[in-house]
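Biologist: Can you put the model up? I'd like to go through a few surface and packing points.

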Amino acid sequence: MSWLVFAALFWIGALALNIWLSRSRLVKSRGGRLLVPAIFGITILVVWEAVVRGLEVPGVILPPPSAIGTRIATSLPVLWVDFLQTFVKGALSGYLIGCAAAVLVAVAIDRSPFLQRGLLPVGNFVAALPIVGIAPILVMWFGFDWHSKAAVVVVMVFFPVLVNTVAGLAASEPMQRDLMATYSANYWQTLVKLRLPAAMPFIFNGLKIASTLALIGAIVAEFFGSPIRGMGFRISTEVGRLGLDMVWAEIAVAALAGSAFYGIIALIERGVTFWHPSQRT
């Protein structure tokens, strides 16, 4: 019972602290903006630990964060190999290929009214296909190594980036395009100097969406066939062995990797689209 009382008191205290911080001048600084979510995350971990211990929840149902942290510390070599296989080889390679192809196809669609009317509806249809239906097919086509996972990621990230890029290329004002025409700029000069810069907020929006989809796609694809390494392989194997601490360790690594990847893209976006009103904060 003492664990539950501690959890309630800690939650109330942390909530009061976060409310005070959000109303103070400290939150206007970069450190203050990071402090509020950091306190919230620590609060969730502490309350999770206290509730699991207070209610004596079995480890095969929900292990405490301390057990997950211990498992991470003792399994770093395995986690590192799984990270390289799933994130670096599968997710990152598929992400780069899919996003680059999407931008190039978006430019082709912008040049061709036929592709605007024919390809985009097909793209919306393919984007709606369930990943659990596509992944086994691509695994059979490309084999059980990381190549099939990269192919699944390409399919998942291609259409979000494509749709956002096509919308971004149409975002420039008609007056701006008329001004480029008065300068005798051809299509490619207008594309490079006006339309692509104006489309960057849309493109980065698609890139950020795709960054979360890439890791999910690679992990799910490993459920349908993989070498004896990888996050998805480890999760499916440890679930069968009731090793829930290792499952949560893989989930924690995937969450940290996905968050860091998203943050890197957001930092690049901030540097590229510094002129956009959304970055003036």
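Biologist: Which residues make the nonpolar surface patch?
Modeller: Trp 11, Ile 12, Leu 15, Ile 19, Phe 40 and Ile 44 make a patch of about 550 Å². Patch residues have over 30% relative accessible area and no salt bridge, with nonpolar side chains (Val, Leu, Ile, Met, Phe, Trp, Tyr) joined within 5 Å. Areas are Shrake-Rupley with a 1.4 Å probe, and for residues only the protein chains shown count as cover. This is a predicted model: local features need pLDDT of at least 70, side-chain atom pairs count only at pLDDT 80 or more, and totals for chains, interfaces and linings use all residues. Residues are numbered from 1 along each chain as its sequence is written, and side-chain values use heavy atoms, without hydrogens and water.

Biologist: Which element gives the most to the patch?
Modeller: Helix α1, with four residues. The elements giving two or more are α1 (2-23) and α2, and Phe 40 is in α2. Helices are DSSP runs (H or I, at least four residues) and strands are E runs of at least two, numbered from the N terminus.

Biologist: How do α2 and α3 pack?
Modeller: Helix α2 (residues 30-55) meets α3 (residues 65-74) at about 110°, axes 8 Å apart. Axes are lines fitted to C-alpha atoms over the stretch in contact, with angles from 0 to 180 degrees between N-to-C directions. So α2 is roughly perpendicular to α3 (65 to 115 degrees).

Biologist: Which residues make the contact?
Modeller: Leu 45, Trp 48, Glu 49 and Arg 53 from α2, with Pro 65, Ser 66 and Ile 68 from α3; contact means heavy atoms within 4.5 Å.

Biologist: Switching topic: how many salt bridges?
Modeller: Five, taking a side-chain nitrogen of Lys or Arg within 4 Å of a carboxyl oxygen of Asp or Glu. One is Asp 82 with Arg 234, closest N and O atoms 2.9 Å apart.

Biologist: Where do those two sit?
Modeller: Asp 82 is in α4 (residues 76-111) and Arg 234 in α10 (residues 231-240), 152 residues apart.

Technical notes
Angles under 35 degrees count as roughly parallel, over 145 as roughly antiparallel, 65 to 115 as roughly perpendicular and the rest as oblique. Patches are made of residues with over 30% relative accessible area and no salt bridge: like charges are joined within 9 Å, nonpolar side chains (Val, Leu, Ile, Met, Phe, Trp, Tyr) within 5 Å.
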